[in-house]
Amino acid sequence: MRAPLQQIETSGELPRSADAVVIGGGIVGVFAAYYLARRGMRVALVEKGRIGAEQSSRNWGWCRQQNRDARELPMATRSLDLWDSFAAETGEGTGFRRCGLLYLSNDEAELAGWARWRDFARTAGVTTHMLDSTEASERGRVTGRTWKGGVFSPTDGTADPSRAAPSVARAILKLGSTVHQNCAARGIETEGGRLSGVVTESGTIRTKVAVLAGGAWASSFCRQFGFRFPQASIRSSILSVSPGAEGLPDALHTARISATRRGDGGYTLAISGRGRVDVTPQQLRFSSQFLPMFLKRWRSLAPGGLQGVRSGHETLRHWRLDQPTPMERMRILDPVPDQATIRLTHARALELLPAFRQTRITAAWAGYIDSTPDGVPAIGEIDTVPGFFLAAGFSGHGFGIGPGAGHLVADLVAGSQPIVDPTSYDPRRFDASAWGKVADF
């Protein structure tokens, strides 16, 4: 039972040239293409499978500032404004609502951490409300429990993962650019040391600008032209239930379970941070750089299996540009969910929120969350290939900050004033150690 996803019809014949080519039709890729097209550029977006079919439709749908790492908070704030304005600009709906996010806890250390973040957020102009026991218990009354405290972030919200990326793709088409599904990018061509084209399975597009927003595939793609991008993926499993649970918050997080209302009135249920490590050659290659993150997150992770090897997204091999690549053999990463996690997630949801007893499980799925060693995305031009821009490694945050990331990419391509300071996202930072820099999220 796969994650729900709206299907769309896209462009036919591949253009021979374009002002920019965007590789990858997830939320970051479509927003990058959209903001480039809004600048009057002829953009060709190529996606090996379906628009939004990988992690962009497999996440919770949260669009938050709350508890963001300081390096990501400015982009999260700008992204909320862009989520708001997108529907008005295009007439396309992403399901975005500023419904507020509710966090509840009985852990003093966790509450103290949230209070420290609240104090930091004030310096950035972000509103978040710490809740005392009475307030938290009232907001969480549907649980029937007394809570020591919590947080409510009123300006944060959610969007619909099943609709968002396809809606942005339609907006790209309205602007006169093209979107190509089932069209894998195999590699790039250069002339005089600069990017000159993107080679796809359907032909080569001549261009001076390309953006790689390839999600979990980005590192293996970069390897083809000699750029070292440390990236590793965790398999996360979540489920959805049918409508029928009344009186619940739109978006609730606790240490044991998180719940998000979907557009159809049902809910997505997940255990925050929990995942399986499917060992791959790429993970082994970059293991030393990911050690700080593993030491910080190990309590939430468990050994996985060989799904990652079979999927091919973290291969170390080189491939020929005139032959089918791993992307064409695995059009959509659709890993098997961890059934133990699905059962535990559902059991915890029924225990904490009895209203879910009026629902049934409608789907369960997994996705690969691609991460960088410090948990902050890589966004910027690759200095060894001028004209080639990377936007990947979003570490489970890409959906919420997708509009800001796409806008920043367009700013960097155009050489205009960036929507946020791009320094923290510079891909060259991976030449140094991640010790002491792993994001809190």
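**Close-up views of a predicted model**

A search of the whole structure finds 29 salt bridges (a side-chain nitrogen of Lys or Arg within 4 Å of a carboxyl oxygen of Asp or Glu). This is a predicted model: local features need pLDDT of at least 70, side-chain atom pairs count only at pLDDT 80 or more, and totals for chains, interfaces and linings use all residues. Residues are numbered from 1 along each chain as its sequence is written, and side-chain values use heavy atoms, with hydrogens and water left out.

**View A. Asp19 and Arg42 form a salt bridge.** Their closest N and O atoms are 3.6 Å apart. Asp19 lies in the segment before β1 and Arg42 in the loop between α1 and β2, so the pair ties together parts 23 residues apart in sequence. Helices (H or I, at least four residues) and strands (E, at least two) are DSSP runs, numbered from the N terminus. Asp19 is partly exposed, at 31% relative accessible area. Arg42 is also partly exposed, at 44%. Here buried means under 20% relative accessible area, exposed over 50%, and partly exposed in between (1.4 Å probe, protein chains only).

**View B. A buried pair: Asp278 and Arg235.** The two residues form a salt bridge, with the closest N and O atoms 2.6 Å apart. Asp278 sits in the loop between β17 (275–277) and α7 (281–285), and Arg235 in strand β13 (residues 232–241), so the bridge ties together parts 43 residues apart in sequence. Relative accessibility is 2% for Asp278 and 8% for Arg235.

**View C. Arg141 and Glu138 meet through their side chains.** This salt bridge spans 3.0 Å, N to O. Arg141 is exposed, with a relative accessible area of 56%. Glu138 is partly exposed, at 44%.

**View D. Salt bridges link Asp69, Arg71, Asp374 and Arg429 in a network.** Side chains of opposite charge can pair when their charged atoms come close.

**View E. The largest nonpolar core has 52 residues.** Such a core is a set of buried Ala, Val, Leu, Ile, Met, Phe, Trp, Tyr and Cys residues joined through side-chain atoms within 4.5 Å. Ile27, Val30, Leu36 and Trp83 touch the most other members. Elements giving two or more residues include β1 (20–23), α2 (73–90) and α12 (398–414). α1 gives the most, with ten residues. Beyond its neighbours within four places in sequence, Ile27 is in contact (heavy atoms within 4.5 Å) with Ser56, Trp83, Ala164, Ala165, Gly398, Phe399 and Gly402. Apart from this core lies another, of 33 residues, among them Val46, Ile205, Cys222 and Ala378.

**View F. Asp370 is a buried residue of strand β19 (residues 361–371).** Its relative accessible area is 9%. The side chain of Asp370 reaches the backbone nitrogen of Gly393 at 3.0 Å. The C-alpha atoms of Asp370 and Gly393 are separated by 5.5 Å, with the residues 23 apart along the chain. Leaving aside neighbours within four places in sequence, contacts of Asp370 include Gly215, Gln231, Ser233, Phe394 and Ser395.

**View G. Three strands form an open antiparallel sheet, in the order β9-β10-β11.** Two strands pair if DSSP finds at least two bridges between them. β9 (185–191) and β11 (203–206) stand at the edges with a single partner strand each, so one side of each is left without a neighbour in the sheet. Neighbouring strands are turned by 30° against each other on average, direction ignored (axes are lines fitted to C-alpha atoms; angles run from 0 to 180 degrees between N-to-C directions). Four bridges join β10 (residues 194–200) to β11. Gly197 has Arg206 in β11 as its bridge partner.

Technical notes:
A polar contact is a pair of N or O atoms within 3.5 Å; within protein, one must be able to donate a hydrogen and the other to accept it, and residues adjacent in sequence count only if both atoms are side-chain atoms.
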